[in-house]
Amino acid sequence: MRRGVEGAAGRRGPTAARRHDAVRIIEAKRDGRELDDDEVDWIIDAFTRGEIVPEQMSALAMAIYFRGMSDREISRWTTAMVDSGSRLDLAGLTRGGRRVPTVDKHSTGGVGDAITLVLTPLLATWDVAVPQLSGRGLGHTGGTLDKLEAIPGWRADLTGDEMLRILSEVGAVICAAGADLAPADRALYALRDVTGTVPSIPLIASSIMSKKIAEGTGALVLDVKYGSGAFMTARADAEELARVMVGIGTAADVRTSALVTAMHTPLGRAVGNALEVAEAREILAGGGPADMIDLTCALAEEMLAAVGIDGDPRDRLAGGRAMDSYRAIIAAQGGDPDAELPRAANVEELRAPAGGVLRWDASGVGRASWLSGAGRSRPGQSVDPAAGVMLHRVEGEQVRAGEVIASVHAGDAARIPAAVAELGNALTVDASAAAPGAGGGADPGGADSGGADPGGAGADTAVVGPAGTIVHRLRGW
Ligand code: URA
């Protein structure tokens with residue numbers, strides 16, 4: 001096993017030796033010209049070495065935001081970002097003395113998306129290794145590391161050797177990406193975050209894929225979300241992002257596929273760090289919300305297919321093996337899987353203002369959770385592990401006026417009023433609608449209707465059934 005097999009910041013292939021002028025490159029992209037390979041290599045290398053000042057890179061990011069990039073440019077840009085740091089080589093990884101394939105999943109982020117906490121241990125019950133390098137949350141979408149840090153003792157930062165040992169012993173790690181993994185992306189993302197250039201398909205695709213390629217996984221399944229709680233609110237944009245990312249992964253010899261899934265309403269019932277860990281444990285124990293279980297099993301099937309394993313995730317989840325695997329993964333990273341999770345000192349209930357069918361807007365619920373203290377507004381801020389929102393009634397359910405439908409949890413009582421107000425704004429109660437399944441309501445299509453098109457070809461942000469409903473699947477292999 002080697003770490004850092006391909007170059008480090010500032011050491012580049014022969015093409016990067018030719019000097020370019022940053023201003024000419026910015027002007028070229030501003031005017032809509034395609035950058036050639038040499039220009040892309042040079043700009044990423046020079047940026048990583050600090051030769052391109054942040055103002056110039058921000059201007060280029062804005063030009064890319066408006067002008068876009070060809071598939072060739074995106075592919076080259078991604079490779080250059082991978083080459084800006086070191087690259088893990090997991091090809092020789094063994095478990096129990098046998099070589100195992102590596103397979104990972106990446107979600108573009110949503111509200112209540114604790115799928116990784118269930119999916120990773122579930123996959124590790126097969127002869128595979130799951131190198132799940134994850135991030136922290138920013139804004140209204142949560143981060144896997146923040147969620148797991150709610151578990152007493154658990155740590156996200158591992159050395160390369162620890163990561164390889166845990167992968168080989170328990171079959172999975174969930175940890176922070178090291179600083180030497182795609183450092184150009186780290187620096188560029190920090191600029192994009194403060195210059196309004198995050199929502200650009202070429203920049204998002206290259207950012208995500210550079211880290212996944214650098215982590216060394218052999219196969220990758222992408223959960224590309226669309227809807228109010230996702231980066232991409234329009235389905236067509238999510239499908240394009242999926243196409244571009246599958247293309248980048250495939251070109252880099254990573255067996256890549258994507259499921260495009262709905263994120264118009266939160267996944268599951270819990271939104272917040274400890275609350276989502278508790279919900280994940282409930283699923284691993286054989287219970288939990290159906291939308292989470294359906295999407296977890298659909299992603300697991302896709303991951304198994306990518307490495308040529310014919311398995312039944314539902315059966316394994318129900319049989320308790322995934323819970324054993326979860327306990328081993330948490331313990332391997334210093335966490336106590338049996339420890340009590342933090343509880344908020346302040347909990348306020350929200351009642352239905354009228355009777356009818358409920359609808360929760362994912363983005364509003366995410367913001368309410370963020371306001372309660374579960375999220376951060378600046379990188380590096382701490383989060384309240386116990387804060388968040390519990391939805392006692394979910395989208396599509398019929399409720400009575402005055403019934404308790406949700407609760408807001410916060411360590412800081414002063415945060416409660418704004419969070420409750422935001423949660424109220426995220427709610428719609430339709431008095432005239434029949435609940436799905438009651439009296440012939442439309443069948444929205446389940447998450448295991450893979451490849452189905454419940455929203456219709458032109459549906460953009462239209463409601464398509466439960467969160468996690470799969471509207472499109474794309475395989476690069
Ligand atoms: N996640 C990333 O890693 N990069 C982006 O640009 C957006 C989401």
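Which residues surround the ligand? In this predicted model, the ligand is surrounded by Tyr 189, Val 198, Leu 203, Ile 204, Ser 207 and Ile 208. Helix H9 supplies the largest share of this shell, with four residues, and by class the shell comprises five nonpolar residues and one polar residue, with no charged residues.

Confidence across the protein chain is described by a mean pLDDT of 90, with 90% of the residues reaching 70 or more. Two stretches depart from this picture. Over residues 1–15 the pLDDT stays under 50, although the model has 35 contacts beyond four places in sequence for this segment; over residues 438–459 the pLDDT is likewise below 50, and this stretch has 45 contacts in the model beyond near neighbours in sequence. Where pLDDT is low, the predicted coordinates should not be read in detail.

Strand E6 (219–226) is largely enclosed by the rest of the structure, because eight of its eight residues are buried. Burial extends to both faces of the strand, with Ala 219, Val 221, Asp 223 and Lys 225 on one side and Leu 220, Leu 222, Val 224 and Tyr 226 on the other. E6 pairs in the parallel sense with strand E3 (residues 103–107) over five bridges, and it also pairs in the parallel sense with E7 over eight bridges.

The buried residues of H10 are Arg 235, Ala 238, Leu 241, Ala 242, Val 244, Met 245, Val 246, Ile 248 and Gly 249. An α-helix has 3.6 residues a turn, so residues three or four places apart point the same way. The elements that cover the buried residues of H10 include helix H4 (71–83), helix H9 (201–214), strand E6 (219–226), strand E7 (255–262) and strand E15 (470–475); among these, H9 is also the helix that contributes four residues to the shell around the ligand.

Most residues other than glycine have a negative phi. Two residues with positive values are described here. Asp 253, which follows H10 and is found in the loop between H10 and E7, has a phi near 65 degrees; with 9 C-beta neighbours inside 10 Å, Asp 253 counts as exposed. Ala 182, for which phi is near 45 degrees, is found in the loop between strand E5 (172–176) and helix H8 (183–193). In contrast to the exposed Asp 253, Ala 182 counts as buried, with 32 C-beta neighbours inside 10 Å.

Leaving aside neighbours within four places in sequence, Gly 366 is in contact with Val 111, His 140, Thr 141, Gly 229 and Val 271. The C-alpha atoms of Gly 366 and Gly 272 are separated by 8.7 Å, although the two residues are 94 residues apart along the chain.

How values were computed. Residues numbered from 1 in each chain as written. Predicted model: local features only at pLDDT ≥ 70, side-chain atom pairs only at ≥ 80, totals over all residues. Buried ≥ 20, exposed ≤ 12 C-beta atoms within 10 Å, placed from the backbone. Contact = placed C-beta atoms within 7 Å. Near = placed C-beta within 6 Å. Nonpolar A, V, L, I, M, F, W, Y, C, P; charged D, E, K, R; others polar. pLDDT = per-residue confidence, 0-100. Pairing = 2+ DSSP bridges.
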